[in-house]
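Colleague: I am new to this structure and would like to learn how to read it. Could you walk me through a few of its features?

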Amino acid sequence: MYGLILVEPEGGLPPVDKEYYIMQGDFYTKGANGERGLQPFDMQKAVDEKADYVVFNGKVGALTGDNALTAKVGETVRLFVGNGGPGLVSSFHVIGEIFDRVHVEGGDLINENVQTTLIPAGGAAMMEFKVEVPGTFILVDHSIFRAFNKGALGMLKVEGEKNKTLYSGEIRDDIYLPEGPGIQNMPTTDEIVASEIPAKSFEEQMEFGKQAYMQTCFACHQGEGQGIPHAFPPLAKSDYLNADVDRAIGIVLHGKTGEITVNGETYNSVMTRQMLSSDEIANVLTYVYNSWGGNSKKVVTKEMVDKVKNSK
């Protein structure tokens, strides 16, 4: 069984503005994290408690982007959070918030002013908090690599008026943003394994490209290609990106340091070289060029990537 059953007290729970259901689970697959295709269950990984994925609501990204939870400033949010396991205990936390009340393990015991609460495998908890400033609050299992690298990460998007008594409004939370489900490595070799399943159509390029984007690019450039202000440039409707396809390919292949100007804003950060095959680079750039209102039907091919690669 995988899910939650809520049994309310007679007369119901006190009213709140928003209620959300979140279910954490860990998954053990024959293939590595991010590997395409239907993956059989791996019993040995499960016995060793070495999960390939730790996710909310059944899949990576289930509570991000268009599927993020929402609230307005001043509202009280109630979360029902379960942990189906089967192997791992959750250290549930909302970055930037304190839980006003936590029903420990879904019972009568109530803790107040809690930062992180433990939820055992096969257990649950209920927490309530009032959101007092706008922004995107990150929901995580605070065994942190489960969040940023294996998928146990969600978002609560809060809209409303700023309150500079509580928060200056300066956004520098990029270190808390997800790296995507794949493991990020600095390249140490030119041996990059080509994709075993090359895309056979534009639609497949978009599908495979989105998978690569969520694994590799999502941390800095975000779910809708909007980037992070003053830190990482946007890809959506980017004049810099659209001006030169070969340059874009070269940046993915070789990385980029130093100042660039994108849509009138100056950025000075580092993009590391990515360990992607030519097929994967073609797919992810095709996805970027045709997402978030781009609709350019611009297709990047493996041959285009190889040409740039061989010109260096």
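Modeller: Gladly; we will look at aromatic rings, charges over rings, a surface patch and a helix. Keep in mind that this is a predicted model.

Colleague: Let us start with the rings. How many aromatic pairs does the structure hold?

Modeller: There are six aromatic pairs in the structure. To sort a pair, look at the angle between the ring planes: under 30 degrees counts as stacked, and over 60 as edge-to-face. Take Phe56 and Phe92: their ring centres are 6.0 Å apart and their planes stand at 65°, so this pair is edge-to-face.

Colleague: Where do Phe56 and Phe92 lie?

Modeller: Phe56 belongs to strand S2 (residues 53-56) and Phe92 to strand S5 (residues 90-95), so their pairing ties together parts that are 36 residues apart in sequence.

Colleague: And which pair does Phe92 make with Phe99, stacked or edge-to-face?

Modeller: That one is stacked, because the planes are at 10°, with the ring centres 6.2 Å apart. Ring pairs also join Phe56, Phe92, Phe99 and Phe129 into a cluster.

Colleague: Which charged residues sit over a ring?

Modeller: Here you check where the charged end lies relative to the face of the ring. The charged end of Arg247 sits over the ring of Tyr240, 3.7 Å from its centre. Lys298 lies over the face of Tyr289, and the distance to the ring centre is 4.5 Å.

Colleague: How do I read a helix, then?

Modeller: One general idea is that an α-helix has 3.6 residues a turn, so residues three or four places apart point the same way.

Colleague: How many of the residues of H7 are buried?

Modeller: Eleven of the twelve are, so H7 is largely enclosed by the rest of the structure. Among them are Ser278, Ile281, Leu285 and Tyr289.

Key. Residues are numbered from 1 along each chain as its sequence is written. This is a predicted model: local features need pLDDT of at least 70, side-chain atom pairs count only at pLDDT 80 or more; totals for chains, interfaces and linings use all residues. Side-chain values use heavy atoms; hydrogens and water are left out. Rings of Phe, Tyr and Trp (its six-membered ring) pair if their centres lie within 6.5 Å; planes under 30 degrees apart count as stacked, over 60 as edge-to-face and the rest as tilted. Helices (H or I, at least four residues) and strands (E, at least two) are DSSP runs, numbered from the N terminus. A charge sits over a ring if NZ of Lys or CZ of Arg is within 6 Å of the ring centre and within 35 degrees of the ring normal. Buried means under 20% relative accessible area, exposed over 50%, partly exposed in between (1.4 Å probe, protein chains only).
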